[in-house]
Amino acid sequence: MPTTLTERLANPKRFIELSGRLLPWISGLAVGLLVIGLILAFTAPLDYQQGHAAKIMFVHVPSAWLAMFGYMLVAVSSFGLLVFRHPLADVSAKAGAPIGAAFTFLCLLTGSLWGKPMWGAFWVWDPRLSSVLILFLLYLGLIALRSSLDDEALAAKLTAVLSLVGIVILPVIKFSVEWNSLHQPASVMRLGAPTIHASLLWPLLVMAAGMTVLFLALYLKATRNEILRRRVRTLRTLAVAASAGLPGQPAE
Amino acid sequence: MDLGPHIAFILTAYGAAALVITGLVAWLVLDGRRLQRLVHELEARGVRRRSSPSQSR
């Protein structure tokens, strides 16, 4: 009998049951936090230098954090596949990639919309911006590599290797602001106290919490979908095998 | 609400965020329904996995 949470979740059927019960609550929590976060964001005092344009921060910064969190999730799942052969590791890696890519796209887009009024340009080949663009291209590479291979097991292994190699981009993004960058340095996640005033920090933290819970809800749903997709494939294989009078393949 | 001279940039940023998130939610919900329907259709045709309860009992 499975005893630990990881062992219990290793069973796709059990994961579907548990995530089905959790998903409505997590989705509701995400909506609630985002509504409160938006109210706080739009009623927060103006930034003394950037004025109203700093409101973009409340969606840009959480997107940036989640872009990196999403990649970490994909990389850890890939590690789980390659090292521990966890049954849900590849499902998790596959489910996380498009969501991480979407948040990275949002980070780039909102950053660009913030950069134009503040820097005078939508885009500069700055170390921070360029490294986040590389992260976005890595996500697209993972999705493209997986979809280009018919052999599912081979695709899983190759994308896992690529995602682990690509993890080097995360410290590059983190420390890129120290390398002659136009982008401002970290003001929340840094050694020492945050340099952002509490009146702007709290709305940012609530928005970040809301977007993180939303990310988790989307990731749970995507994982459920991927389990169902594999179940459909297994059932179709069994149907074909049965119609041809062959013994069926093992289940997922 | 006064959003100053950069209102277009602010509204575009939030609009894009809403659009991307709505798109993700719609894609996942519709994909989930389609897959669930396929599972039901296959099971209704009598196709069962070895691990499914109806066969393991």
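A: The model is predicted, and the predictor assigns the complex an ipTM of 0.86 together with a pTM of 0.89. For chain B the average pLDDT is 85, with 84% of the residues scoring at least 70.

The part examined here belongs to chain A, which contains 8 helices and 0 strands. The C-alpha trace of chain A extends over about 75 × 35 × 30 Å along its principal axes.

Consider helix α3(A), which covers residues 57-84, and helix α4(A), which covers residues 89-119. The axes of these two helices approach within 7 Å and cross at roughly 160 degrees. Because angles over 145 degrees count as roughly antiparallel, α3(A) and α4(A) are roughly antiparallel to each other. Their crossing is left-handed. The residues that form the contact of α3(A) with α4(A) comprise 16 nonpolar, 12 polar and 1 charged.

The length of α3(A) can be checked against expectation. With 28 residues at 1.5 Å a residue, α3(A) should span 40 Å, and the 39 Å between its end C-alpha atoms agrees with this. After α3(A) comes Arg85(A), whose phi is positive, near 50 degrees.

A second pair in chain A consists of helix α5(A), residues 127-148, and helix α6(A), residues 152-166. Here the axes lie 9 Å apart, and the helices pack at an angle of about 165 degrees. That angle makes α5(A) roughly antiparallel to α6(A). The crossing of α5(A) and α6(A) is right-handed, whereas that of α3(A) and α4(A) is left-handed.

On the α5(A) side, the contact is made by Leu138(A), Gly141(A), Leu142(A), Leu145(A) and Arg146(A). The α6(A) side contributes Ala155(A), Leu158(A), Thr159(A), Leu162(A), Ser163(A) and Gly166(A). Sorted by class, the contact of α5(A) with α6(A) has 6 nonpolar, 4 polar and 1 charged residues.

Chain A also meets chain B, in a contact that takes 35 residues from chain A and 27 residues from chain B. On the side of chain B that touches chain A, the residues divide into 17 nonpolar, 6 polar and 4 charged.

Conventions. Residues numbered from 1 in each chain as written. Chains lettered and ligands numbered in written order. Predicted model: local features only at pLDDT ≥ 70, side-chain atom pairs only at ≥ 80, totals over all residues. pLDDT = per-residue confidence, 0-100. Contact = placed C-beta atoms within 7 Å. Nonpolar A, V, L, I, M, F, W, Y, C, P; charged D, E, K, R; others polar. Axes fitted to C-alpha atoms, helices over the stretch in contact; angles between N-to-C directions. Helix = DSSP H or I, 4+ residues; strand = E, 2+ residues; numbered from the N terminus. Parallel < 35°, antiparallel > 145°, perpendicular 65-115°, else oblique. Left-handed = near helix turned anticlockwise from the far one by under 90°. Expected span 1.5 Å × (residues − 1).
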